[in-house]
Amino acid sequence: MKAVHNNKYLLVLAVVFILLFGLSQSGGRNNQSGSRRLKDISVFHKYSDYRTQGKNAAIFCSAWGNLELENGVIPLERRVRNGSKRVYRVNASGNCGIMFPLHGWGAFSLQQYHENGYIEFDVRGAAGGENFTVGLRSDTRNVVVNSNVSLASQNIQLTTAWQTVRIPLKAFTANNRPGFNINNILLIEILISSASQFYLSEMYIKSPDNEKQYPVIKVNQTGYELNHEKFALVSSFPGIYNLSANTEFNVINASGQVRFTGRLQAVSRNVDAVSGEIVFKADFSQFNEPGTYSIRITNPQMPDSFKFIIGTSVYNNLFIDSIKYFYLQRQGINIEQRHAGIFARRNLHPNDSRVKKYSQRNDPNAPVFDVSRGWYDAGDFGKYFPPAASAVTDLLLAYEFFPQLFLNNQLNIPESRNGSPDILDEVKWALDMMLKFEDGSSGGFYEVANYEGETIYIIDTNGVTGEGNTKSTNATSWAAGIFAHAYIVYKDIPVHRDFAARCLQAAVRAWSYLERNPNEHTWVSGAGRSYYYDTADTAKVKFLAAAALYRATGEEKYNRFVIDNYRRHNYQREFNAFHVVTIGDLGTGFIHYAMSSNPNPAVIRYFDERFRGFESAILNIYNSNVWPSGLVNWAYFWGSSKPIARIPVELYICNKLLNRDTSKSIELLRNSVHYILGINPLSFSFISGYGENSVKNIYSGIFSYNGIIEIPKGYLAGGANQYEAGFMSNFVSKCYIDIDREWTTNEHAIYWNAAMVLCLAAVIGTAN
């Protein structure tokens with residue numbers, strides 16, 4: 001679903017957003033009025049355009065049949081006026097239809113709107129008497145159902161005068177269409193069966209109702225470790241519950257017996273901006289009795305919290321399932337029942353072993369390439385080199401810093417019992433595919449293999465010149481770094497020593513390509529997609545690569561590159577907590593360099609200075625946040641779960657390498673896991689299978705189409721996204737919905753799960 005598959009692209013957008021709207025350093029263009037009324041949803045516009053341009057945004061639609069179009073969309077009408085509103089002309093010469101995706105082919109729930117909501121639009125006939133049908137299309141696990149309501153059925157008659165029409169949402173559910181799901185709406189349609197002409201203005205979904213109140217008592221639904229801090233947050237919109245500091249709460253066991261009593265503490269004097277709620281804390285850290293519990297507040301209207309456990313090893317199963325995720329994302333292999341249970345499947349894309357370059361797609365005699373193996377990137381089936389390298393980096397770092405947690409025969413994968421920790425076998429499956437992205441004649445690496453329809457191609461077209469066979473400077477830089485990193489780890493595993501040598505050779509060839517090709521290739525395109533990195537991005541990855549190669553080989557030329565370049569980066573975009581949310585590629589480069597055998601002291605001092613400023617700002621954000629994470633308010637973007645998980649582990653690793661105090665970063669580690677597992681404004685666990693109220697659906701080309709209701713455990717959802725899904729809530733932390741067609745908030749990705757594995761490894765590894 002992503003046209004530009006680049007995490008930093010999102011960060012740049014966020015920075016632009018800050019500059020355009022003048023956000024304060026505390027971050028967040030929040031709902032200053034505190035209004036809870038459900039937002040009006042523009043049907044005619046993609047939300048990401050509407051949020052910045054309003055009614056001036058271009059119409060976003062797709063049409064079929066006998067319909068007049070202008071640049072592929074229904075045309076603006078310039079003669080017929082409707083005050084200051086834009087008017088669109090619908091001129092049909094026969095059977096046709098117009099589809100309005102609610103927000104860029106993502107899905108949305110209309111459940112909160114259903115009771116009293118409606119679709120509202122202005123309409124005028126050209127001659128009068130025209131009729132058409134408005135439809136809602138739901139798409140749930142590949143079950144596509146339309147529910148249609150005609151104007152005539154609502155006793156609406158068009159005239160040559162403008163009228164405002166309201167069609168109740170209940171009209172679409174009154175016919176009880178089997179499989180129709182108001183909770184998973186993909187698009188709105190206008191269907192026309194005969195020749196007619198009419199005019200439309202400003203179609204919205206509206207409701208007079210307020211946003212719903214999510215469960216009030218927010219707990220970590222997986223559990224709490226013995227002898228560590230244990231707390232819940234208790235929050236609601238103002239005026240719903242009579243909560244105050246000193247309100248009594250009880251920890252109750254499965255039999256309803258009170259095992260601990262405490263009193264709420266005020267967290268903030270004011271309504272929290274990101275949730276719209278007043279928040280209190282229920283601290284039960286002193287309670288250390290293993291068992292299964294809930295929290296109860298004496299109020300007949302307030303349900304008990306979701307269940308949780310207190311005990312030892314509370315995260316172990318979650319840790320294993322978060323790693324097992326990668327086996328279930330494999331391509332190039334039959335996923336067998338003995339390893340995957342009900343999620344067994346045949347190799348979905350056997351043709352990945354015979355792939356053409358995009359520039360040669362029409363040549364019947366073009367050579368083919370094998371890019372099989374590896375992991376499907378996310379909900380789609382693409383294979384993107386830099387994101388895969390990012391995921392591999394986090395998994396290898398997890399192994400390096402906490403090797404005691406990773407065992408042979410731990411994951412029940414085909415390679416178990418081969419004498420290697422299972423996580424390294426799993427990572428090798430990805431590296432095997434990534435090695436195939438090398439151009440054997442030059443040492444450069446291709447950026448991506450992706451699909452156009454049912455056919456996969458190596459994307460190799462230069463986005464500037466249109467020239468084919470373009471290797472990516474960014475991918476090649478990542479190759480030099482990730483294969484050097486792989487060598488460092490795998491060389492000490494006897495069964496992988498030959499593989500480690502291959503990795504180092506590939507890393508050296510990639511660096512040689514970069515030396516021979518100083519003119520960067522930053523943009524490749526094809527198959528309707530574009531993959532762009534600016535020169536500042538590639539410079540950071542080159543720095544990472546040089547640092548990893550120096551760590552792997554000790555050769556002076558790599559050390560010299562680090563020394564010559566470490567001051568040349570724009571540190572307003574790196575190690576700046578208000579512009580970026582993780583230390584990113586440049587930070588990973590410093591980590592590699594600090595782990596080398598003989599780092600230059602001046603480089604380490606510079607790293608320390610930059611890191612201390614970054615950490616101080618992150619901890620200030622964390623300390624001022626009502627919710628237990630270090631995420632700045634503007635950073636609820638696509639994949640916001642990743643920085644919540646990765647920020648604290650970055651702080652921990654850097655503090656450890658720089659011989660600084662790790663206690664505050666360990667506190668943030670644990671609290672960030674609390675957030676992800678349920679102590680958040682949605683009272684929701686963002687990891688499938690972990691919590692009573694956890695992810696039940698996921699945007700996935702695999703699991704939306706396999707006919708199985710369940711999804712595997714251990715999948716981390718992307719999380720709240722105010723930029724592409726801001727119409728879902730007035731409050732940025734609540735712009736999320738758990739439905740399988742909703743890619744902007746409920747997709748998964750290998751690099752998000754890898755960050756979660758790294759975070760959990762740090763939590764478990766520092767438990768004592």
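This is a predicted model: local features need pLDDT of at least 70, side-chain atom pairs count only at pLDDT 80 or more; totals for chains, interfaces and linings use all residues.
Colleague: How many residues does helix α16 have, and what span is expected for it?

Modeller: Helices (H or I, at least four residues) and strands (E, at least two) are DSSP runs numbered from the N terminus. The expected span of a helix is 1.5 Å times one less than its number of residues. Helix α16, residues 663-676, has 14 residues; its first and last C-alpha atoms are 20 Å apart, close to the expected 20 Å.

Colleague: Is α16 largely enclosed or left open by the rest of the structure?

Modeller: Buried means under 20% relative accessible area, exposed over 50%, and partly exposed in between, with a 1.4 Å probe and protein chains only. Eleven of the 14 residues of α16 are buried, so the helix is largely enclosed by the rest of the structure. Among them are S665, I666, R670, H674 and Y675.

Colleague: Which elements do the buried residues of α16 pack against?

Modeller: Contact means heavy atoms within 4.5 Å. The partners are strands β11 (223-225) and β12 (231-236), together with helices α14 (601-624), α15 (641-657) and α18 (750-765). Just after α16, G678 has a positive phi of about 140°.

Colleague: How many residues of α9 are buried, and what is found at its start?

Modeller: Helix α9 covers residues 473-490, and its 18 residues reach 25 Å, close to the 26 Å expected. Burial takes in 18 of the 18 residues, so α9 is largely enclosed by the rest of the structure. A polar contact is a pair of N or O atoms within 3.5 Å; within protein, one must be able to donate a hydrogen and the other to accept it, and residues adjacent in sequence count only if both atoms are side-chain atoms. At the start of α9, a side-chain oxygen of S472 comes within 3.2 Å of the backbone nitrogen of N474.

Colleague: What caps the N-terminal end of α11, and what follows the helix?

Modeller: D534 is the cap, with a side-chain oxygen 3.1 Å from the backbone nitrogen of A536. G554 follows α11 and has a positive phi near 75°.

Colleague: How do α10 and α11 pack?

Modeller: Two packed helices are described by the angle between their axes and the distance between the axes. Axes are lines fitted to C-alpha atoms, for helices over the stretch in contact, and angles run from 0 to 180 degrees between N-to-C directions. Helix α10 (residues 497-516) and α11 (residues 535-553) pack at about 135°, with axes 11 Å apart. Angles under 35 degrees count as roughly parallel, over 145 as roughly antiparallel, 65 to 115 as roughly perpendicular and the rest as oblique. The pair is therefore oblique.

Colleague: What is the handedness of that crossing, and which residues meet?

Modeller: A crossing is left-handed if the near helix is turned anticlockwise from the far one by less than a right angle, and right-handed if clockwise. The crossing of α10 and α11 is left-handed. Residues including L504, V508 and W511 in α10 meet residues of α11 including K542, A545 and L549.

Colleague: What does α11 do with α12?

Modeller: α11 and α12 (residues 556-565) pack at about 145°, with axes 8 Å apart, and the crossing is left-handed. Among the residues that meet are F543 and Y550 in α11 and Y558 and F561 in α12.

Colleague: Is N753 buried or exposed, and what does its side chain reach?

Modeller: N753 lies in helix α18 and, at 0% relative accessibility, counts as buried. Its side chain reaches the backbone oxygen of G714 at 2.9 Å. A polar atom of the N753 side chain also lies 3.2 Å from the backbone oxygen of S322.

Colleague: Where do N176 and N412 lie, and what are their phi values?

Modeller: Most residues other than glycine have a negative phi. N176 has a positive phi near 50° and lies in the loop between α4 (170-173) and β8 (185-192). At 62% relative accessibility, N176 counts as exposed. N412, in the loop between α7 (385-401) and α8 (422-435), has a positive phi near 55°. N412 is partly exposed at 35%.

Definitions and conventions
Residues are numbered from 1 along each chain as its sequence is written. Side-chain values use heavy atoms; hydrogens and water are left out.
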